[in-house]
Structures are given as C-alpha cells and as structure tokens.
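Here's a quick briefing to read with the model open beside it. Topics come in groups, and each cut-off is spelled out where its term turns up.

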Amino acid sequence: MGELITTLNQGFLTHLGATWGPPAWALAKAVVMVLMVMVPVLVFVLYFQLVERWVIGWMQVRRGPNRVTFFGIKALGGFAQPIADAIKLLIKEQVVPSGANKWLFLLAPAISVIPAMAVWAVIPFTPDWVIANVDASILVVLAMTSMGVYGVIIAGWASNSKYAFIGALRSAAQVVSYEIAMGFALVGALMAAGTLNLTQAVARQDGPYGALEWFWVPLLPLFLIQFISGVAETNRHPFDVAEGESEIVAGPLVEYSGMTWSMFFLAEYANMLLVTALSALLFLGGWLSPFPKSWPLLGEPGIWWLLAKMLALMMVFVWIRASFPRYRYDQIMRLGWKIFIPITIVWIVVVGLMLMDPVRDWPVINWWFGSQHAG
C-alpha cells in the first residue's frame, strides 16, 4: 500500500511539473527581464536629474547640487541629492483641492506614468534582449505613448482650476500636433527599414562601413524632426509653455504636490529616454558600432553602443534647455503644422523614390536601400 501511494505521489508530481513547470518558468523569466529593464530605467530617471543640474550649472558657470552627501563623505557631495528629493516627496502632504474630482485627480498621474513604463517592454537592447519582440513593435510604442496625453487632460480638468484646465488644453494640443510630425518621421524610417519591428530595423542598418550605413544619413531631416518633436512632446524646454511660470503658473500640474507631482516628473523623464531610444534604434544603428566591422574590438556591436547613443542624445536635451529661450505658443504651433509636417511629407515621397528600382541600387543609395540589406 505504501509503495502504491509513493508511486501515485511521484506520478502526480511528475504530471504537475509537466503541466505547471513551463508556464512557471516563463513567468519567472518574464518577471526577471521586466525588473532588469525597469530598475535601471527608474534609477536613471532618479539620477539623471542630478546630472542635468550639474551640467546646466557648468554651462551657466555656477555650481550644481553639492551639499547632500552619503554619511558625510565630502567627496560624494551632491550624490545623495536625488535620495533626499525622493524622501521629501514621499513625506510631503498630498493636497487634493476641495472642488476637485478626487478619483480622477489621483488617477491622472497613473495614466501618465504607466504607459511611459509599459512601452519599454517592446524596446530591444540587443537582438536577443527584449521583453516582447512583437512584429509591430513600433505600433505598440505609438499606441502606448499616445495614452499619456489623457493623463494631462484629466489632470487639468479634475483639478477644478481654470489655470490647470487651460494649461492642460495647451499641453494636449502641443503633444497631439508634434505627435503627427513624429509619426510621419517614423513612417519614413519604417519605409527605409521595410519592417515594423525595431530589432529588424536595426538589422537593416548593419553593414561593413559602420555609421555611414545608418539611416540618419539619407533620412537626416526626418531624424532631426523626430528628435525635436520628441522634445516638444515631452514638454521640455523650449517647448514647455504649458508650465511657463510667467504665463500660466504650472499648467495642468499646478494643484499637484508630493508623490502625485513626482509621477508626472517620472513620466516626463521616462519619455525623454524613450525618445532617445527610438532615435538610436531607427536612425543611429541601435547597438551597432559606428566603426567599420574590420576594426578589431571597436567594430563589435553591443548594448554599450546603444546606451552611449542614448546618453549622448539625453545630453542634447540638457544642452537645449540651458541654451534656448522659451518659444511663444503661436511659434510652437506654427513650427509643428507649417514646417515639420510638410517637410516630413515631402521627405516620405523622396524616400519612396529612393526605394524604387532601379534607384535603390544606384551607387551610394544602395548603401542604405540596396538589395544586400533586404530581408
């Protein structure tokens, strides 16, 4: 009887392992991959604002944060500033205006930050390192990033403040306008790549000549428009009129404080990082080396190239903030509708002509669109 029970137990455990083992392993693997992406993104967002303040201080010949230290170590002056800021926001009182719609007021920050975090599931860091390598990954990116504007609109309306509502409308109009220009710029890159998959788009830029075969060369106007539109979409200076203190207080965020305000802040920096990732993947070769493949070591692809390109583009965000005055709102809308969108439409036609036979196999053009890159 004991042997029979032992045999039945072994059979049950074997069946249970065969039934639940693969799904459990897949779930555990997915959780680990999500953490390995989300934790670095959150740490980067936390500390990049410190780097930004240091760099802007250096550019404007003044000191950045240099007082908050770890355990009083003077050499680490300023390194604990993001930790101090986070603690301050955590313990700061959450004030909800008496006339506000409480549930929508608290839901708006989540609507802004959740898509900004979820979109990283389809961003590839290497050919084999991506949480979800879906075929239409760029469509997922556009769909998820489009959700953020709802958080801004709801925040302005739920605050029951005229200043917040006007700022939300201005911000939403700006985001939607530049999203069209960015979408057209991405269409040109996807036409050149011949795929909606970001991993395959990087593979199409692979070649023996390094940076000369990346899409930034034939698609330079689209690359610049995509990046500048990303600056405008994230409400960064000089496009931050929705938060122009001299114009409309703090825009849709005027009634927010503490952690609810910091969630909008987190979404802004996560979206900045996403813009640099898309620019690097679609126009700058992603994880490919800028040097020719024949060069030893330097010609090898790797995740470090993608991270270096993203960091360089993030520094451009900082440089723009430290150097340019804020635009007027009519100038911002004119730039998006009357300049960027027409240029992207014209360049999409040019890309279509370059992709046609026999033009695609002409000298120089075949570097980017030739048959050797197909497939």
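Buried means under 20% relative accessible area, exposed means over 50%, and partly exposed is anything in between, with a 1.4 Å probe and protein chains only as cover. By that scale Asp330 is partly exposed, because its relative accessibility is 34%. This is a predicted model, so local features need pLDDT of at least 70, side-chain atom pairs count only at pLDDT 80 or more, and totals for chains, interfaces and linings use all residues. Residues are numbered from 1 along each chain as its sequence is written, and side-chain values use heavy atoms, with hydrogens and water left out.

**Overall build**

- The protein has 13 helices and zero strands, where helices (H or I, at least four residues) and strands (E, at least two) are DSSP runs numbered from the N terminus.
- Of its 375 residues, 45% count as buried.
- The accessible surface is about 19100 Å², and 72% of that belongs to carbon and sulfur atoms; areas come from the Shrake-Rupley method with a 1.4 Å probe, and for residues only the protein chains shown count as cover.
- Take the contacts (heavy atoms within 4.5 Å) between residues at least 6 apart in sequence: 75% of them join residues at least 24 apart.

- Nonpolar side chains tend to be buried together in soluble globular proteins.
- A nonpolar core here is a set of buried Ala, Val, Leu, Ile, Met, Phe, Trp, Tyr and Cys residues joined through side-chain atoms within 4.5 Å.
- Which residues touch the most other members of the largest nonpolar core? They are Trp120, Ile123, Val141 and Leu282, in a core of 75 residues.
- Helix α10 gives the most to this core, with 14 residues.
- Another core, of ten residues, lies apart from it and includes Ile111, Ile154, Ala158 and Phe264.
- Leaving out residues up to four places away in sequence, Trp120 touches Val37, Met38, Val41, Phe125, Ile131, Ala270, Leu273, Leu274, Ala277 and Met310.
- α10 is mostly covered, with 21 of its 26 residues buried.
- The expected span of a helix is 1.5 Å times one less than its number of residues. For α10 (residues 258-283) that gives 38 Å, and its end C-alpha atoms are 38 Å apart, which agrees.
- Just after α10, Gly285 has a positive phi of about 80°.

**Salt bridges**

- A salt bridge is a side-chain nitrogen of Lys or Arg within 4 Å of a carboxyl oxygen of Asp or Glu. How many salt bridges does this rule give? The count is eight.
- Glu52 pairs with Arg321, with the closest N and O atoms 3.0 Å apart.
- Buried or exposed? Glu52 is buried, at a relative accessible area of 2%, whereas Arg321 is partly exposed at 39%.
- Asp85 and Arg53 form a salt bridge too (3.3 Å, N to O). Asp85 is in helix α2 (residues 81-91) and Arg53 in helix α1, 32 residues apart. Arg53 is partly exposed, at 35%.
- Asp330 meets Arg328 in a salt bridge of 2.9 Å, N to O. Arg328 is partly exposed as well, with 48% relative accessibility.

**A nonpolar surface patch**

- Leu27, Val31, Leu35, Val39 and Val43 make a nonpolar surface patch of about 440 Å².
- Patches are made of residues with over 30% relative accessible area and no salt bridge, joined within 9 Å for like charges and within 5 Å for nonpolar side chains (Val, Leu, Ile, Met, Phe, Trp, Tyr).
- Val39 lies in helix α1 (residues 2-59) and is partly exposed, at 44% relative accessibility.
- An α-helix has 3.6 residues a turn, so residues three or four places apart point the same way.

- Most residues other than glycine have a negative phi, and most peptide bonds are trans.
- The bond from His237 to Pro238 is cis, with omega near 10°; Pro238 is in the loop between α8 (220-233) and α9 (245-248).
- Asn235 is in the loop between α8 and α9, with a positive phi near 60°, and is buried at 11%.
- Asn160 also has a positive phi, near 60°. Asn160 is in the loop between α5 (148-158) and α6 (162-193) and counts as exposed at 55%.
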